[in-house]
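Please keep the structure in view while reading.

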Amino acid sequence: RPYPDERAWLIFSRCQSTTSSPAPGSDSGEKPQRLRAIDLARKVQQQKATQATPPPVSGSQGRVTELKRFSLQLQNVHPNVLAKHLSRSVLYQDKDVVLINKPYGVPVQEQSGVTSISSVLPVLSKIMDGMKVKSESRLLPCLSLEKGSTGTLLLARSEEAAEHILTLDRNNQVQRKYWVVTVGVPVPSEGLIDIPVIEKEVPGPQPHFKMALSPCFRMNETGDGLTKLRRHRQAHPAVTKYRVLDSSNGCSLVELQPFTGVKHQLRVHMAFALACPILGDHKYSHWNKLAPQKLPARVLKRLGLEQTKIRHLPLHLHARQLLLPGHNNTDINASCPLPKYFLQTLKRLELTFPDDKEDE
């Protein structure tokens, strides 16, 4: 016997017989498998993985994540794929101009590492010209839009047409209207904002530059009048007409019409002049820091979002309409349907607009 101790041998024998004896009702020909240490470790790991699985996201949160994924896909797709997508979103075209519906998150001007609209215009021109081998047609961006905005983007078919459009714009003959969702309700409900805009450096742990207001007047010490200030030489005149279309749940749908084309003009005027930042504007919702937009609990609840995930919320700035004087006394008047995420936000905030039939 391998065990000199009789008591130890009996314990070993009982363990062997218990392990090898078949369970009641089971096939006596099959031996049950012993649970090995590695199997136990794997089982524990599986249980931990199951417990660590994040809870399912809400419908709105899922749509925000999906929009971010789709935007990144558009920026990194092959130029031919983006060009084909843009060819399906043409709103108007003639021998001089083309109007397309710019998708969210795709830059107009070329940027390193991403596919821009400018970089695919030669391919888009060929597609619109029937893929002719010897096609000499061109497309040039005019009145550019920001990367985070959507809507009507004007393209010229020649240098002459582009210069003509820029001349019209300088003379305020091109009428552009934007729709935005704001956090807050502008007071009064309509008006004209005439406050110059200037670029300033924001000091702090993360120094950065932002566009800011450079007012020409300020309240006097008695508070019953205005004192004129010296205009800063680097400030740009900026004029925006606004009109509230609807308000609900602490937010508003506002129509904006710029009369100047200063960088980030609409965002700065809404955030700093009216104290109603555009929904999803993470840059101008704060002045002294770089952080995601802080939304009231009421708005978060209506949108079905969490503040910790708000950084993925897109900018709700849409180039809704463009009116351009055409040849032969015929004006070009193009309206662009709202993107899906914009419509979903309006629905959740219970905001309505005049011609909703057009965007169903």
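What volume does the second largest pocket have? In this predicted model, the second largest pocket has a volume of about 480 Å³.

**The pocket and the cavity**

The second largest pocket is lined by 21 residues, and those that lie nearest its centre are Tyr104, Lys147, Gly148, His282 and Arg311. Helix H3 (residues 59–76) gives the largest share of that lining, namely four residues. By residue class, the lining of the second largest pocket divides into five nonpolar, eight polar and eight charged residues.

Rolling a probe the size of a water molecule over the atoms shows where empty space is left. The structure holds one cavity of 30 Å³ or more, and the largest cavity has a volume of about 60 Å³. Its lining includes Leu143, Leu145, Thr152, Arg176, Tyr178, Ala319 and Gln321. The elements that give two or more residues to the lining of this largest cavity are E4, E5 and E13. The table sets out the two spaces side by side.

| Space | Volume | Residue classes in the lining |
|---|---|---|
| Second largest pocket | about 480 Å³ | five nonpolar, eight polar, eight charged |
| Largest cavity | about 60 Å³ | seven nonpolar, two polar, two charged |

**The chain as a whole**

The secondary structure of the protein chain comes to nine helices and 14 strands. Of the 360 residues in the chain, 39% are buried. When contacts between residues at least 6 apart in sequence are considered, 61% of them join residues at least 24 apart.

Helix H6 (residues 159–170) has twelve residues and reaches 17 Å from its first C-alpha to its last, which is close to the 16 Å expected at 1.5 Å a residue. Which residues of H6 are buried? They are Ala161, Ala162, Ile165 and Leu168, and because they cover an arc of only 125 degrees around the axis, they lie on the same side of H6. On the other side of H6, Glu160 and Arg170 are exposed. The cover over the buried residues of H6 includes strand E2 (97–102), strand E3 (140–142), strand E4 (150–156) and strand E13 (317–324).

In helix H4 (residues 79–87), the buried residues are Leu82, Ala83 and Leu86. These residues cover an arc of only 100 degrees around the axis, so they are placed on the same side of H4.

**Backbone geometry in the loops**

Most residues other than glycine have a negative phi, and most peptide bonds are trans. Asparagine 172, which follows H6, lies in the loop between H6 and E5, and its phi is near 55 degrees, a positive value in a residue other than glycine. Asparagine 249, located in the loop between strand E11 (239–248) and strand E12 (251–258), likewise has a positive phi near 55 degrees. Is asparagine 249 buried or exposed? Its relative accessibility is 13%, and asparagine 249 therefore counts as buried, the cut-off for that class being under 20%.

The peptide bond from valine 187 to proline 188 is cis, with omega near 0 degrees. Proline 188 has its place in the loop between strand E5 (175–183) and strand E6 (190–194).

**Two residues and their contacts**

Histidine 312 is found in the loop between helix H8 (297–303) and E13. With a relative accessibility of 19%, histidine 312 counts as buried, again because the limit is under 20%. Leaving aside neighbours within four places in sequence, histidine 312 is in contact with Val64 and Lys68.

Asparagine 333 is found in strand E14 (residues 332–335). Apart from its neighbours within four places in sequence, asparagine 333 is in contact with Gln321, Leu322 and Leu323; Gln321 and Leu322 are also among the residues that line the largest cavity. Asparagine 333 and tyrosine 92 are 241 residues apart in sequence, yet their C-alpha atoms are 9.1 Å apart in space.

Note on methods:
Residues are numbered from 1 along each chain as its sequence is written. This is a predicted model: local features need pLDDT of at least 70, side-chain atom pairs count only at pLDDT 80 or more; totals for chains, interfaces and linings use all residues. Side-chain values use heavy atoms; hydrogens and water are left out. The expected span of a helix is 1.5 Å times one less than its number of residues. Buried means under 20% relative accessible area, exposed over 50%, partly exposed in between (1.4 Å probe, protein chains only). The arc is that of the directions from the helix axis to the C-beta atoms. Contact means heavy atoms within 4.5 Å. On a 1 Å grid over the protein atoms alone, a cavity is a set of points where a 1.4 Å probe fits but cannot get out, and a pocket is an open set with protein on both sides within 12 Å along at least five of seven lines; lining residues have an atom within 4 Å of a point. Grid points are joined across faces, edges and corners, and a volume is the space filled by probe spheres set on the points. Ala, Val, Leu, Ile, Met, Phe, Trp, Tyr, Cys and Pro count as nonpolar, Asp, Glu, Lys and Arg as charged, and the others, Gly among them, as polar.
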